[in-house]
Amino acid sequence: MTKDVQYGKKPYNTAKYPIRQPIVMTALLALVSRFLMPRGIEYKIEKFGMEDLKPPYMLLSNHMYFVDFQLSAMATFPHRVNNVATIDGYYRRPWLMELLGCICKRKFTTDLHLIRAIRHVLEKNKDVLCMYPEARYSPVGTTAILPDALGKMIKLAKAPVVVMVHHGNYLHTPFWNYRKPRKVPLYTTLTKVLTAEEVAEKSVEEINRIVREAMQYDEYRWQREQNLRITEGFRAEGLHKVLYQCPACKKEHQMSSEGTKLFCTACGKQWEMDELGVLHALEGETEFTHIPDWYEWQRAEVRREIEEGRYHFEDTVDVYSLPRCWRFEHLGEAVLTHDIENGFVLKGTYKGEEYEIERKPVGMYGLHVEYDYCYIKPYDCVDISTDNDSFYCYPTKQNVVTKLSLATEELHRIHRERMEAEKAAKKSKRTVGK
């Protein structure tokens, strides 16, 4: 059972209604965003089906890096926007985030107030509500899992839906090496995918299907289609953080990278990443030319491990928490486990009192991963959040966080499938009984 950390102070109150963004802040945000766009990088914003659309509406965006927010601010100007933002976005600047009308959220938690805050923006303020339903930066430039609850949220909001898709942002600053930008043009589209009437008429399942189709993207495929050549000699550095398992010898967490090469330190196999983002084995078979295919193979390997009952993770982690917004609390060492039935369990001691944080698989469809976290220390970590706190855990084991992310997604999917099967079996039994 979860036992919270006792700080002696109340956590930041995320259950606040956002203010209406002052119009001067709307203009200032768009201006600053334009000024801070990467120098020497071309960008283009196009809108489709939005000629007669005015707020209120929901804006759903894919998520690749911070430049997403800048492009969003320019794309929505001159309309006022309330953004759903995570607690670490409030770090050292809660006053600014509140002034911008942001809605605070902890990652991968169930937050009923979020629904009320969204309806407040759309129904009372009649402004734009912007959110990033993937809830994380894309690890390999493809669409992350979108929760089933998204359709329910849209249904309750009763507003038109616009989908914003960014191309080039991931290629410019990939999540696994964002400190070394590449010269890649950026292209953003905004497309109206549902009117308010269609939201009212369609089922939750139909809404989810439409939104998921509209938010599909594959940056490496787009790179090849646009013939965008990334010539920087460091283009593969950091790629081993997302491609952690060798497809040749099957060893995990032994991958590394340097320059334009990706290699396994266990068996010695090497791959070259060419200017179009395609992988080529330097010797022998090229198992995967397309980076997302390698990533999805790893997912299948994790799923097989879970289904065979072999999956288990345990490690000593260095923990920092963010109950409020002004500083991270260093909780020291703790033990983090992740398994098939219990999900995540974090056990530690803070100021002489034990704490235990649990997150069951069925209630956690994704995991917040950082590869080089700028706010604490530049190493891999995972964020396990509850309704009132967020725990940034730095593993002792190397290059394990991507597998934890995949395992979180697959455990959630398996538990949901199990629940659906049990529900269907009970329904079938009742039908036979009649």
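Modeller: Contact means heavy atoms within 4.5 Å. Helices (H or I, at least four residues) and strands (E, at least two) are DSSP runs, numbered from the N terminus. This is a predicted model: local features need pLDDT of at least 70, side-chain atom pairs count only at pLDDT 80 or more, and totals for chains, interfaces and linings use all residues. Residues are numbered from 1 along each chain as its sequence is written, and side-chain values use heavy atoms, with hydrogens and water left out.

Biologist: Let's start with α8. What does the cover over its buried residues include?

Modeller: Buried means under 20% relative accessible area, exposed over 50%, partly exposed in between (1.4 Å probe, protein chains only). In α8, the buried residues include Ile207 and Val211. Their cover includes β2 (57-61), α5, β7 (186-194) and α7 (196-201).

Biologist: Within what arc do the buried residues of α8 fall?

Modeller: Ile207, Asn208, Ile210 and Val211 are buried in α8. They line one face of the helix, because, seen down its axis, they fall within an arc of 165°. That arc is taken over directions from the helix axis to the C-beta atoms. The value for α8 is 165°.

Biologist: Which exposed residues does α8 carry on the face turned away from its buried side?

Modeller: The buried side holds Asn208 and Ile210, among them. The face turned away from that side is where α8 carries exposed Glu205 and Glu213.

Biologist: How do α5 and α8 cross, roughly parallel or roughly perpendicular?

Modeller: Helix α5 (residues 149-157) packs on helix α8 (residues 204-214) at about 110°, with the axes 8 Å apart. Axes are lines fitted to C-alpha atoms, for helices over the stretch in contact, and angles run from 0 to 180 degrees between N-to-C directions. Angles under 35 degrees count as roughly parallel, over 145 as roughly antiparallel, 65 to 115 as roughly perpendicular and the rest as oblique. So α5 against α8 is roughly perpendicular.

Biologist: How many residues in the contact of α5 with α8 are nonpolar?

Modeller: From α5 come Leu150, Gly151, Lys152, Ile154 and Lys155; from α8 come Val204, Ile207, Asn208 and Val211. Ala, Val, Leu, Ile, Met, Phe, Trp, Tyr, Cys and Pro count as nonpolar, Asp, Glu, Lys and Arg as charged, and the others, Gly among them, as polar. The contact has 2 polar residues, 2 charged and, as nonpolar, 5.

Biologist: Which residue of β6 stands opposite Met58?

Modeller: β2 runs parallel to β6 (residues 161-167), joined by 4 bridges. Within this pair, Met58 faces Val161.

Biologist: What is the bridge partner of Glu272 in β11?

Modeller: Strand β10 (residues 270-273) runs antiparallel to β11, with 3 bridges between them. Glu272 is bridged to His280.

Biologist: How many residues of β18 are buried?

Modeller: One side has Ser390, Tyr392 and Tyr394, the other Phe391, Cys393 and Pro395, and both faces are covered. In general, side chains of a regular strand alternate between the two faces of the sheet. For β18 (residues 390-395), the buried count is 6 of 6.

Biologist: Which residue stands opposite Tyr392 of β18?

Modeller: β17 (residues 381-385) and β18 are antiparallel, with 4 bridges. A hairpin of 4 residues joins them. The residue opposite Tyr392 is Asp383.

Biologist: Is Ala117 buried or exposed?

Modeller: Ala117 sits in helix α4 (residues 112-125). Beyond its neighbours within four places in sequence, Ala117 is in contact with Tyr17, Pro18 and Ile103. Its relative accessible area is 0%, so Ala117 is buried.

Biologist: What is the relative accessible area of Gly40?

Modeller: Gly40 lies in the loop between α1 (23-35) and β1 (43-48). Gly40 is exposed, because its relative accessible area is 80%.

Key: Two strands pair if DSSP finds at least two bridges between them.
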